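Here are a few exercises to work through with the model open beside you. Try each task before you read its solution.

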Amino acid sequence: MSRIVGIDLGTTNSLVAYMDGDQPRVIPNAEGRVIVPSIVSFIETGYVVGDPAKDQLITNAERTVYSIKRFMGRGLQDLRHELQYFPYTLAEQNGVVTVQIGSNEFTPPEISAMILKELKKRAEAFLGEEVTQAVITVPAYFNDAQRQATKDAGRIAGLHVARIVNEPTAASLAYGLQGKQQGLVAVYDLGGGTFDISILKLKEGIFEVLATNGNTHLGGDDFDRRVVQLIAREIQEQFALDVTQHIDLIQTMRVAAEAAKCELTSHETTTITLLLPEDKGTYSRQLQRSEFEALIKELVTDTVVRCHFALSDAGLSASDIDDVVMVGGSTRTPLVRQMVEKAFKRGPHTNINPDEVVALGAAVQGGILAGGVQDMLLLDVTPLSLGIEGLGGTINPLIRRNTTIPTQAKEVYTTSADNQTAVVIHILQGERELAKDNRSLAKFNLPLPPASAGMPRIEVNFMIDANGILNVGARDLQTGQSQSIEVKPSYGLTDDAVEGMIQDSIKFAEADIAERLAIEARNEMDALEISTVKILEEEKGVLEESERNQIVEALKNLRQTREQSDYRVLRKAIDQLNTATKHLAEVAMDHQLKAALQNKKVSEIVS
């Protein structure tokens with residue numbers, strides 16, 4: 001196979017790497033710099049990417065786009081609390097965020113493709129050959145829409161995306177290649193805009209992801225923002241100046257905040273100095289590391305909490321972990337390293353450059369796919385459960401969260417009403433018991449020939465490929481008619497919806513299960529009522545009057561009880577009717593057997 005490069009498409013910085021024999025290496029530019037800032041600036045002659053674009057952040061703020069990864073697969077509603085921090089103009093088309101530059105609009109995949117083209121050009125110049133295939137990394141907690149948006153960006157850039165790989169998993173490949181470690185590893189990945197924690201099992205070249213957790217909207221950018229907010233408050237108090245009215249000043253503040261954060265990595269204090277507009281003078285203050293840590297402690301604590309969630313999902317405790325690997329430039333922050341060490345009760349590994357490790361791992365995965373790396377296997381997982389809506393609004397999971405991918409699951413369903421001409425396949429993602437509390441991914445109809453309830457056999461097939469993209473098919477086993485869909489869910493899922501799914505499933509578990517049991521009981525009541533009324537009509541004159549009255553009374557109680565919310569009351573009504581109809585069911589079964597035997601004799605005589 002042709003060469004497959006590895007690309008870390010980051011929020012703040014991006015890199016491209018390749019396999020040099022059995023070692024992954026990051027590709028530098030002509031000046032030897034390996035990092036490409038994930039920034040695109042639109043100028044009169046077109047656009048520039050990377051360091052030239054970074055130089056435009058202050059002088060060309062409204063036409064310079066950064067942190068585009070935050071917008072992948074998202075809608076404006078998701079970003080409403082932070083729009084003021086972006087000097088460029090954001091709009092929305094069909095639920096998809098767009099960036100407005102003059103009279104033109106660009107989607108996040110289009111902007112990301114410009115960064116990917118720069119990485120592609122760099123790789124081709126360095127390797128002296130055309131590069132057409134890449135492995136691109138994404139945060140483990142990227143949902144289907146965000147993964148699909150990343151694949152779209154690759155396609156626009158002229159790259160065949162051979163695989164989408166979770167960033168922590170890619171990091172584990174780079175780490176495992178160099179260290180040949182065996183055991184349980186926690187990969188703590190804190191980048192510019194996202195956080196992931198993955199628990200992996202390493203053994204004899206096999207990297208198995210046991211559990212993941214994370215926050216797709218927490219990273220070093222948010223550390224910077226806390227400093228910017230502090231500066232903005234102080235400028236307002238000291239100089240009566242509203243910084244939100246000055247786009248260039250906001251950008252200057254952001255750049256100064258980032259520089260202060262980096263300075264405090266190795267120093268206890270730093271100085272921030274800003275020349276203010278409107279002849280307001282100069283803002284200057286010293287920022288202590290302790291002050292900075294107080295500003296960001298809540299954010300770092302959030303990451304530690306998610307580490308514990310991941311450990312719980314893997315059925316492990318912190319003491320079970322053999323090694324902790326740090327990934328992402330934001331892990332250089334001393335407070336981060338201290339809190340991670342405290343959480344896992346061991347010092348984290350920091351021997352691999354945290355900026356490069358994801359790209360190196362992506363290159364290893366590219367080597368595996370191209371056949372150049374023979375002694376490794378990567379097993380990834382899906383972060384949230386997937387299923388379809390069942391009768392009464394329940395969810396029937398087909399693929400549980402943390403299932404190793406690629407994977408496939410099939411279930412056979414039937415109809416609940418006579419003469420249905422179609423069934424709706426409603427695909428859901430999440431951990432709650434009811435469809436309404438989970439994320440809707442897609443819907444499609446499967447036509448059916450009219451038949452009695454319970455007669456059709458509908459096979460639903462879920463298949464997740466190695467990129468984490470879901471394909472769903474439904475087939476009528478009697479007619480062979482089928483429908484399928486590649487799930488490209490609607491953009492614009494809120495962070496609270498994604499990141500709160502697992503916590504909500506725990507918080508509401510008891511109430512959810514009780515409601516599900518009630519719905520299932522009502523479904524059973526409906527089916528039982530229909531069959532009982534039908535048999536009563538068919539078996540007239542068979543039962544004694546007292547027995548018939550007992551069944552009618554039980555039916556009446558069933559109907560009156562149906563809207564009760566306590567599933568135990570519903571089950572009691574079902575049991576009462578089942579007891580009352582026991583003899584009736586035996587009579588009906590006896591008649592059916594006699595009819596079947598009679599039909600068999602007639603068939604034998606005819607033949």
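**Exercise 1.** Classify C262 and C307 as buried, partly exposed or exposed.

*Solution.* Start with the cut-offs: buried means under 20% relative accessible area, exposed over 50%, and partly exposed in between (1.4 Å probe, protein chains only). C262 has a relative accessible area of 47%, so C262 is partly exposed. C307 comes out at 3%, so C307 is buried. Before going on, note that this is a predicted model, where local features need pLDDT of at least 70, side-chain atom pairs count only at pLDDT 80 or more, and totals for chains, interfaces and linings use all residues. Residues are numbered from 1 along each chain as its sequence is written, and side-chain values use heavy atoms, with hydrogens and water left out.

**Exercise 2.** How many disulfides does a search of the whole structure find?

*Solution.* Look for pairs of cysteine sulfur atoms within 2.5 Å, which is what defines a disulfide. The search returns zero.

**Exercise 3.** Describe the lining of the largest pocket.

*Solution.* A pocket is an open set of points on a 1 Å grid over the protein atoms alone, where a 1.4 Å probe fits, with protein on both sides within 12 Å along at least five of seven lines; lining residues have an atom within 4 Å of a point. First, count the lining: 34 residues, with L391, T414, T415, S416 and A417 nearest the centre. Finally, sort by class: Ala, Val, Leu, Ile, Met, Phe, Trp, Tyr, Cys and Pro count as nonpolar, Asp, Glu, Lys and Arg as charged, and the others, Gly among them, as polar. That gives 13 nonpolar, 14 polar and seven charged residues.
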